[in-house]
Amino acid sequence: MTHTLNGPQVPDTAPATAAPPAPVKQRDAFFDNAKFMTITLVVVGHLWAQLRGSQAEHSAYMVIYAFHMPLFTFITGYFSRGYIRSTDKLRGLLPTVIAPYVIFTLLSRANLYFVADKPFPADQWLEPHFVTWFLAALVCWRLSAPLWRHLRFPVTTSVVVALVVGGWDLSSDKNVGHTIILLPFFVFGLTVDTELFDRLRRRARWWMGAPVLLGVFLAFYLWTSSYVDRRVTALSYWCDTYRDMKMSLPVGVAARLMAFALAIALGAAFLALVPKRRTWFTELGTRTMYVFLLHALVLKVFDYTKLLDEPAVQSRAGLVLTTLAAVGLSVVLASAPVRRATHWLVEPRVGWLLSKPAARHAAKPTNAAPAVPAVPAVPTVPTAPAAPAAPAAPAAPAATEPAPAAEPPTDRIIPSQASEPTIGQAPHPGEPSHRRP
């Protein structure tokens, strides 16, 4: 408002300066690229599990299985850090994990019944089947996320749990075995130092990771011992107990530790190959759950109908073509049209089952006294102007005294004016049939 000399105030016509808009947080292309490349390895690995190829193909298969699920679990843990900071994130488990688990478990059972003509008892309807074990494990991992924040050595503790409990008969169920044995990779991603991880991945180059992957591939290719091959393959499935692998407890613990170290080395080498800038598949990396859940239904149809047993598919040319088909299937299932068509399956709208946040966080009544309503002011009556006063007689000169010194300002709060503190609110029937020897 502007004051004028002869009238009331008039409003300013100059526009107020608007606050700059908040910057929009950009997605990190590196993680979207990594997620799509990793889920593509999952699809390729599941397809190769049904093939009986050459020694080179089998060696590449073992390299993929040695790290692709640990890496996928690590990335999942890295993006589950919000479950540590706020329990409200647990509300998202229902629409994003639990509901898809129920839907795709039932679809997998229906696929098994109508395509493979294999009936199943009613008590197996909701048992994990094929890939849905990951959703069941994800519920357990994310529910435990707040616990790991309070531990002094969370990764070490999770490794001990995986080594000890992973050898009990309790984990003879493949689904329980997956959950326990892969737990350290989830905790590692959940608690890793983000600044250190960002510095390492920015400095990594493809020529650092390629020799590691190639060296492990050559080691698997030249290591043709059937005894070692069977046990390395069993370790790479991340679900078998020491008894299943015919290992004693000391040998099994040592072998599991070496498998953990190999998975970390191969996973770091693979991340060094991931592009750090936007690529043609960066957007596809935002829809990896669609690929993960939908590709299982497609591959199982080929498996149940014996199409993968055809000699043309099992040949070397068939291996190349099926590998390219697996990559193409990943691209198609991550596309926008497939997302629009299957959104109601992968991301069902079940928010109506959740309570409203406003109802859960309603303010609690306080013990403060109710505010006293203000008394309306009494209007004043205008009075007549007073008569001019007579000039006063000059006063006698008085002795001058020094003026009292001004009292310095004080920051002390008068108790009667101090505001009361506000009371804050409290604040194995489902496991895929691997045809490997």
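These are my notebook entries on what I looked up in this predicted model.

**Entry: ground rules**

I number residues from 1 along each chain as its sequence is written. The model is predicted, and local features need pLDDT of at least 70, side-chain atom pairs count only at pLDDT 80 or more, while totals for chains, interfaces and linings use all residues; side-chain values use heavy atoms, with hydrogens and water left out.

**Entry: confidence**

I began with pLDDT, the predictor's confidence in each residue, from 0 to 100. The chain has a mean pLDDT of 80, and 74% of its residues reach 70 or more. Over residues 392-433, however, the pLDDT is below 50. Beyond near neighbours in sequence, I found 23 contacts for this stretch in the model, a contact being heavy atoms within 4.5 Å.

**Entry: the whole chain**

How many helices and strands are there? I found 18 helices and 0 strands. Both are DSSP runs numbered from the N terminus: helices are H or I with at least four residues, strands are E with at least two.

Next I looked at burial. Buried means under 20% relative accessible area, exposed over 50%, and partly exposed in between (1.4 Å probe, protein chains only). Of the 437 residues, 41% count as buried. The chain exposes about 26700 Å², and carbon and sulfur atoms supply 66% of that area. Accessible areas come from the Shrake-Rupley method with a 1.4 Å probe; for residues, only the protein chains shown count as cover.

**Entry: the nonpolar core**

A nonpolar core is a set of buried Ala, Val, Leu, Ile, Met, Phe, Trp, Tyr and Cys residues joined through side-chain atoms within 4.5 Å. The largest one here has 97 residues. Trp48, Phe67, Phe134, Trp141, Trp238, Phe260 and Phe292 have the most contacts inside it. Helix H2 (residues 55-78) gives the most to this core, with 14 residues.

I picked Phe67 to follow up. Leaving aside residues up to four places away in sequence, Phe67 touches Leu41, Leu213, Ala263, Leu266, Gly267 and Phe270.

**Entry: serine 330**

Is serine 330 buried or exposed? Serine 330 counts as buried because its relative accessibility is 0%. I located this serine in helix H16 (residues 316-333). With residues up to four places away in sequence not counted, Ser330 touches Phe36, Thr40, Val43 and Val291.

Helix H8 (residues 174-181) is mostly covered, with 7 of its 8 residues buried. Among the buried ones are Lys174, His178 and Ile181. Their cover includes helix H5 (133-143), helix H7 (154-165), helix H9 (183-191) and helix H13 (249-273).

Side chains of opposite charge can pair when their charged atoms come close. By this rule I count 9 salt bridges. In one of them, the side chains of Asp240 and Lys174 meet at 2.4 Å, N to O. This pair links distant parts of the chain, 66 residues apart: Asp240 is in the loop between helix H12 (226-236) and H13, and Lys174 is in helix H8. Both Asp240 and Lys174 are buried.

Asp198 forms a salt bridge with Arg201, their closest N and O atoms being 3.1 Å apart. The two are separated by about one helical turn because they are 3 residues apart in helix H10 (residues 194-203). Both Asp198 and Arg201 are buried.

Arg287 pairs with Glu283, the closest N and O atoms being 3.6 Å apart. Arg287 is buried, at 10% relative accessibility, while Glu283 is partly exposed, at 40%. I also noted a network of salt bridges with shared partners, joining Arg27, Asp32 and Lys35.

**Entry: positive phi in two loops**

Phe130 has a positive phi of about 55° although it is not a glycine. Phe130 sits in the loop between H4 and H5 and is buried, at 6% relative accessibility. Lys306, also not a glycine, has a positive phi near 65°; Lys306 lies in the loop between helix H14 (288-304) and helix H15 (311-314).

Note on methods. Salt bridge = Lys/Arg side-chain N within 4 Å of Asp/Glu carboxyl O.
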